[in-house]
Amino acid sequence: MVNSDGSINRSKGISSVTKPTVGKYCVELEDKDLDLTKLVPVATLQYSSFEYGIRISYWPHPDCGGRADTIHVITGMPNKWVDQAFGIVVP
């Protein structure tokens, strides 16, 4: 669980979360040997209206420094990104 300010509420397997800009989060995994291109992470917004969505990218993203051990999460909607709390599961 990640709070809207990027702080971690509860976690297992996540080493840190950074927030490069409004509505964008970089979720860094503890296990550096995991191949994110072979995983299927699932994210869900917490306490939000149906107006907003959540998107995740498990490919290295420039917002997250192109790190291969980091999932890029975006909350809100195109052209209106907003900070939102979310849960993420990496099976």
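F86 is buried, at a relative accessible area of 0%; buried here means under 20% relative accessible area, exposed means over 50%, and partly exposed lies in between (1.4 Å probe, protein chains only). Y25 is buried too, with a value of 0%. Please keep in mind that this is a predicted model, where local features need pLDDT of at least 70, side-chain atom pairs count only at pLDDT 80 or more, and totals for chains, interfaces and linings use all residues. Residues are numbered from 1 along each chain as its sequence is written, and side-chain values use heavy atoms, leaving out hydrogens and water.

How many aromatic pairs are there? The count comes to one aromatic pair, where rings of Phe, Tyr and Trp (its six-membered ring) pair if their centres lie within 6.5 Å, with planes under 30 degrees apart counted as stacked, over 60 as edge-to-face and the rest as tilted. Y25 and F86 form this edge-to-face pair, with 5.0 Å from centre to centre and 65 degrees between the planes. Strands are DSSP runs (E, at least two residues), numbered from the N terminus. Y25 has a further neighbour, since K19 lies over its face at 5.5 Å from the ring centre; the rule asks for NZ of Lys or CZ of Arg within 6 Å of the ring centre and within 35 degrees of the ring normal.

Strand β2 is largely enclosed by the rest of the structure, because six of its six residues are buried. K24, C26 and E28 point one way, while Y25, V27 and L29 point the other way.

Which strands pair with β2? Five bridges join β1 to β2, and the two run antiparallel; strands pair if DSSP finds at least two bridges between them. In this pairing, I14 stands opposite L29. The hairpin of β1 and β2 has two residues between the strands, and G23 there takes a positive phi near 75 degrees. Strand β5 (residues 70–77) is also antiparallel to β2, again with five bridges, and K24 stands opposite I74.

## A salt-bridge network

The structure holds six salt bridges, each being a side-chain nitrogen of Lys or Arg within 4 Å of a carboxyl oxygen of Asp or Glu. One of them joins K32 to E28, with the closest N and O atoms 2.6 Å apart. K32 is partly exposed at 45%, whereas E28 is buried at 18%.

K32 also meets D69 in a salt bridge of 2.7 Å, N to O. D69 lies in the loop between β4 (53–57) and β5, and K32 in the loop between β2 and β3, so the pair ties together parts 37 residues apart in sequence. D69 is buried at 12% and forms a salt bridge with R67 as well, at 3.9 Å. Shared partners join E28, K32, R67 and D69 into one network.

## A loop residue worth a look

N79 has a positive phi near 65 degrees, though it is a residue other than glycine. Most residues other than glycine have a negative phi. N79 is placed in the loop between β5 and β6 (80–81), and it counts as exposed at 81% relative accessibility.

Notes:
Helix = DSSP H or I, 4+ residues; strand = E, 2+ residues; numbered from the N terminus.
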